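This report looks at how parts of one protein chain meet. Please keep the sequence and the structure at hand while reading.

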Amino acid sequence: MSTTSQFLTLARIINLENKVIPWEELGQTVQDRVRLAIDQTHPSCMVYPQTQEELSMIIATANSNRWRVLTCGGMTKINWGGLTSTDIIVRTEHINKLIEHAVGDLTITVEAGMKFGEIQEILGKHGQTLGLDPAFPEHATIGGIVATGDTGSLRQRYGGVRDQILGITFVRADGKIAKAGGRVVKNVAGYDLMKLFTGAYGTLGIISQVTLRVYPLPETSGTVILTGQPEPISRVAKILQSSQLTPTQADLISHGLVSQLGLGDGIGLMVRFQSIESSVQQQLQRCSSMGEELGLTSTVYSVDETKQEASLWQQLLELIYNCGHNWEITAKIGVLPTAAVSIISQIQYGLIHLNSGLGLVRLEDENPVLTLRSLCQENLGFLSILSAPVIIKKNIDVWGYNANSIEIMRRIKQKFDPNSILNPGRFVAGI
């Protein structure tokens, strides 16, 4: 079917002006973002469904015509993962209603196109928050966050995205709407299916609605940054992990980031405490003293420096993601937590979450990618490229995954999406 025919077919389904936009009318900024995600000529159009039902009809039509679909919400992570081939782009940002906020049950149900920042604003009015800190928080949609499994340093306290989902609604590759889980904390129906969709990059179905657990908003917050040589940093990390201190976030940061943040020399350990004021003050003091006793430089953002402290954590993420150069690469890494200090000491720009060994790095070209990937694999870990120029993604295996579960993944993909129309090539092994 020609690109014109695709456009006209979709326009009839949506039946609204300006909701099916031809490629030529998308604008340069949008086109440039899309080009970072595809490995062929441009798609015919971008479609903006307004409801789950419209999304269902669009995907059913695409499936019957064997159109390949690239899905996105806020387009903040459209270039994450492998390159894909696509005929149409389906953008879900208008499927963005609040379905239910059960304040007393500590749950919220929203449509997938709602932006993370908007959800936090709703929750904040009731003294609640999500236990996630994704990339590009003001513009990222909750569907994209779940699809990419995107959380950050708050994993230290709340776990990953999979640990916080109570239920999902999604559109299957054949266009049918399906559900898993529920809207209450104790409901575990479909739990494995929710885990399966988290981090699958939209290759198994299009998430249209999500129920998440929420948490009380901490009364106050404070951060300690310890900087210096690897050996004392490693000793403090071990003491911290075995102590009664309860950090919300704890990241090892590379010497390059320490320098860019203006925190001194050497590598760093950033530790955040969030609780009632007296508890935070006490834990800040204990953590700071630990470092100073081992000869480390200690910088403390106390409870009366809330704005500066929050800004510091935001700057840390921006230095990884908002590099400002198209030739730079952002990658996700994982290593044994016991090797985290050794690895971070060999990285110029990167961070590693203390307890999980997961982290993010910024690299300037493709040569360090393979070197760092080998180093991670030697420590039973991995390196997967998130964003990079197209030429680099064509030259390097983005995921770097060759374990024995690839065949199982292919069979799951075949079961959920037999015609391979949903984000083909974006996931592991070209799935």
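Predicted model: local features only at pLDDT ≥ 70, side-chain atom pairs only at ≥ 80, totals over all residues.

The protein chain is divided into three parts, with the bounds listed below.

| Domain | Residues |
|---|---|
| domain 1 | 3-91 |
| domain 2 | 98-216 |
| domain 3 | 220-395 |

The C-alpha centres of domain 1 and domain 3 lie 37 Å apart, and eight residues of domain 1 are in contact with seven residues of domain 3. Between them the two domains bury about 670 Å², with 64% of this area on carbon and sulfur atoms. On the side of domain 1, the residues that lose the most area to domain 3 are L36, W80 and L83, which together account for 63% of what that side buries.

Sorted by class, the side of domain 1 that touches domain 3 has four nonpolar residues, two polar residues and two charged residues.

Turning to aromatic rings, the count comes to eight aromatic pairs. One of them is the edge-to-face pair of W399 and F427, at 5.2 Å centre to centre and with 70° between the planes. Because W399 lies in the loop between α14 (390-395) and α15 (406-416), while F427 lies in the segment after α15, this pair ties together parts that are 28 residues apart in sequence.

Notes. Residues numbered from 1 in each chain as written. Heavy atoms only, no water. Domains from an automatic or database assignment. Contact = heavy atoms within 4.5 Å. Buried area = accessible area lost by both parts, 1.4 Å probe. Nonpolar A, V, L, I, M, F, W, Y, C, P; charged D, E, K, R; others polar. Phe/Tyr/Trp six-rings, centres within 6.5 Å; stacked < 30°, edge-to-face > 60°. Helix = DSSP H or I, 4+ residues; strand = E, 2+ residues; numbered from the N terminus.
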